[in-house]
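Subject: Handover of a structure, with notes

Dear colleague,

I am passing the structure below on to you, and I would be grateful if you could read the notes that follow it with the model open beside them.

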Amino acid sequence: MNNVLELKGKRFVQASKTGGGGGASMNSKKIVTREQLLRLVERIDQIKEFWKQERKPFEGILISVHYNKIVAKSNRIAGLFKGKDSNYAIVGAKFNKEKTKHIITYFLDMEDLDESIELLLKTSDIIKEKFQNGIDKVTFDEKKTMDKIPFSRFSITKSTFKQVVADVSYIEDFEVEMATRQLKQSIITLYNTHTDTKMLFKNIGIDILKSRILDNQTVFLDENQLQILFEKAPYLVSMATEDLSELSPEDFIQEYQQGALYMPSPTIEPTIGVIDTLFDKRVYFGEWVEYHDMIDDNLPKNPDDYRHGTAVDSIIVDGARLNPWLDDGCGRFRVRHFGVAIGSKFSSFTITKQIKEIIANNKDIKVWNISLGSNQEVNDNFISAEAAILDKIQYENDVIFVVAGTNKPNADIEKIGSPADSINSMVVNAVTQNGLSTKYARRGLALSFFAKPDVSYYGGSEEKYIKVCEPLGEANVAGTSFAAPWIARKLSYLIDILGLNREVAKAMIIDAARDWNEKPTPEEVALYGHGIVPIKIDDIVHTKEDEIKFLVYDVSEKWNTYNYYFPVPIKDDKYPYIARATMCYFPMCDRTQGVDYTNTELNLHFGRINNKGKIEDIKGDKQNQDVILDNERYFLLEGEARERFRKWDNVKYIAERPKNKMMPKKSYDNKNWGMEIKTNNRLDPKDGMGIRFGVVVTLKEINGVNRIDEFIKNCTLNGWLVNRIDVQTRVDINKKVNEDIEFE
């Protein structure tokens, strides 16, 4: 086995994007006609009339654009509404039922609609006079044709005219969205109308307590308040979900077995945070758990309230001894446990507020386990309020949540429940001992796109249950709740003992689960995520003798973050390898943006450097690479970029597929390989500044030769500091660092 290598010392170089965007670009599959422009004018007039007659509780108006495809940021409206600033007016985004088109909601002033009507009419006048049959992309791009138009006579500039035509080529319709009525107490997210939430509800006739406001857009309303809201202002509701008051951790308990196990006292073991039901201090490992009861003393507590939380802790502290078949080699962990839930019914709104407070007051803990989940299915068009809070916490703090993939409460529920739709978290589904999906496991995806769950692990089944310790003794259990803590152990080992950052640790777990499975089926992704994580930690921090695996990490500050100094060993002037790379990062997310949830996209490129100084990406990804094909600039549709290259996903996996007969790759003048991380932002360009990323690269020698020593030598000659991830050495260092020193 080879050690995984950590490369340090040669920082990635930061470079800004050169050149402009190239101006407006029209939809090549559409012809823009005068009739279409006039129909849109009529629709805006109707919407204006609607808002004039509506007694709205805020200044401004809401309007939704039904686009005719899934649009890239560059194809959103940039001439109508607020011109180039229209992107900043977006307050919501979702897909149509078929998930083939964007519906994006804007918050505007009435004057913006008047200006849009004026632009549409001026544009229609030009088309009426100069383009009776409409404008297609060929005509749109003909400079001579456009230069002949006397734009000053129509009181519009050429660039504005072209931008309006481009806008219209992507627009299907305008509408005012009305939310589906909710009947039960719910967590409601409002469109951002730049109005104080308490004042907004007062204008509607609802008196809401400050404790019911999670942030300025998210509130908790009872049935009576919901009725008033949907009667008076249903257009305000961006998202609505019933308060997740029925959270069913697991129902697979078998017989109890009494018996006491000896436990030594904790010393320097890392601490994992647990947010769960209550903990019983009387269990044999009670000394290993620092317990904080967050439940109101006036609420009644019964023995069942202590079972689930205590069982989860037993896996984290002593899981390997309780389950020898799952001995991961990670040792024992301490737990700081926060009891936030009792019974099977409680308010997730309350728990969400508590989680923010818990993390803020416990900055020393990096890995947090949450094995609670909703019975309700996630929505295809927005992230749950609970998951969004977890994502925000992880963006703002150096922590990672491990979340259970949720269990089926009944046969009718298939999709995962909140908070397993958290994008930044590590979401874990359960498999049987034989590695098959369990009957209780639910399936992703999140937002119809993100691979949730991230990974799978053994959660117990009739084939072989997970042994835990509950207040009454040992018990056999099954559920995603009991798969997640094993992954929390592995992450804490990588972060707290081996000293890796969370981005690299997450990438290593996912890379180990995915291995060389370049194209799992949609069914596999929905149930297993990237795959089943190996049991032994050694199988994650070591690799096969014919493989070189190395880690790099840095921070994205500008559009292009690059490093061209990876000295991959050569044989007969060729590279006898296939390669793969896994990257993780924790972006800022915006729940109000709906399906366009992640604000920042980091696009990973890795491969040889050709004689033009360009990276020949191992996945063949030409996004952001300034490539010219057949004398035309390479262009990739947004839908295709999402499907093929996981655009906007915060986990990137690029790989070459192993084949029966693999040929070595030719080398170029530059014998190094390169890596580029291209940064794009949906809203504010500053969103992507300072985002850390971690990349795990694996090179597999196609002839089975071990070339790691040559790679280490080459790296050293190129100025890299090469650290072998030697487990015993890192453990010894961890002991020394945490050793108490007594001064005489």
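Predicted model: local features only at pLDDT ≥ 70, side-chain atom pairs only at ≥ 80, totals over all residues.

Residues are numbered from 1 along each chain as its sequence is written, and side-chain values use heavy atoms, with hydrogens and water left out.

Helices (H or I, at least four residues) and strands (E, at least two) are DSSP runs, numbered from the N terminus, and two strands are said to pair if DSSP finds at least two bridges between them. Seven strands make up an open sheet with parallel pairing, in the order β13-β14-β12-β15-β16-β17-β18. Its edge strands, each pairing on one side only, are β13 (289–293) and β18, and the twist from one strand to the next averages 25 degrees; here axes are lines fitted to C-alpha atoms, for helices over the stretch in contact, and angles run from 0 to 180 degrees between N-to-C directions. The parallel strands β17 and β18 are joined by four bridges.

Helix α8 (residues 307–322) lies across β12, β13, β14 and β15, and runs at about 160 degrees to β12, whereas helix α10 (residues 385–396) lies across β15 and β16, at about 155 degrees to β16.

The mixed sheet

A further open sheet has six strands with mixed pairing, in the order β30-β25-β33-β22-β2-β34. The strands at its edges are β30 (651–655) and β34 (721–724), each of which pairs on one side only, and neighbouring strands are turned against each other by 20 degrees on average, direction ignored. Helix α12 (residues 502–514) packs on this sheet and touches β22, β25, β30 and β33, with its direction at about 35 degrees to that of β33; contact means heavy atoms within 4.5 Å. Within the sheet, β2 (residues 5–8) runs parallel to β22 (residues 547–556) and is joined to β22 by two bridges, and F550 in β22 is the bridge partner of L5.

A hairpin

Strands β19 and β20 form a hairpin with two residues between them, and five bridges join these antiparallel strands, with V468 standing opposite A475 in β20. Four of the five residues of β19 (residues 466–470) are buried, where buried means under 20% relative accessible area, exposed over 50% and partly exposed in between (1.4 Å probe, protein chains only).

Backbone points to check

Most residues other than glycine have a negative phi, and most peptide bonds are trans. In the loop between β23 and β24, D572 has a positive phi near 55 degrees and is exposed at 65% relative accessibility. D573 lies in the loop between β23 and β24, has a positive phi of about 60 degrees, and is partly exposed, with a relative accessible area of 44%.

With kind regards
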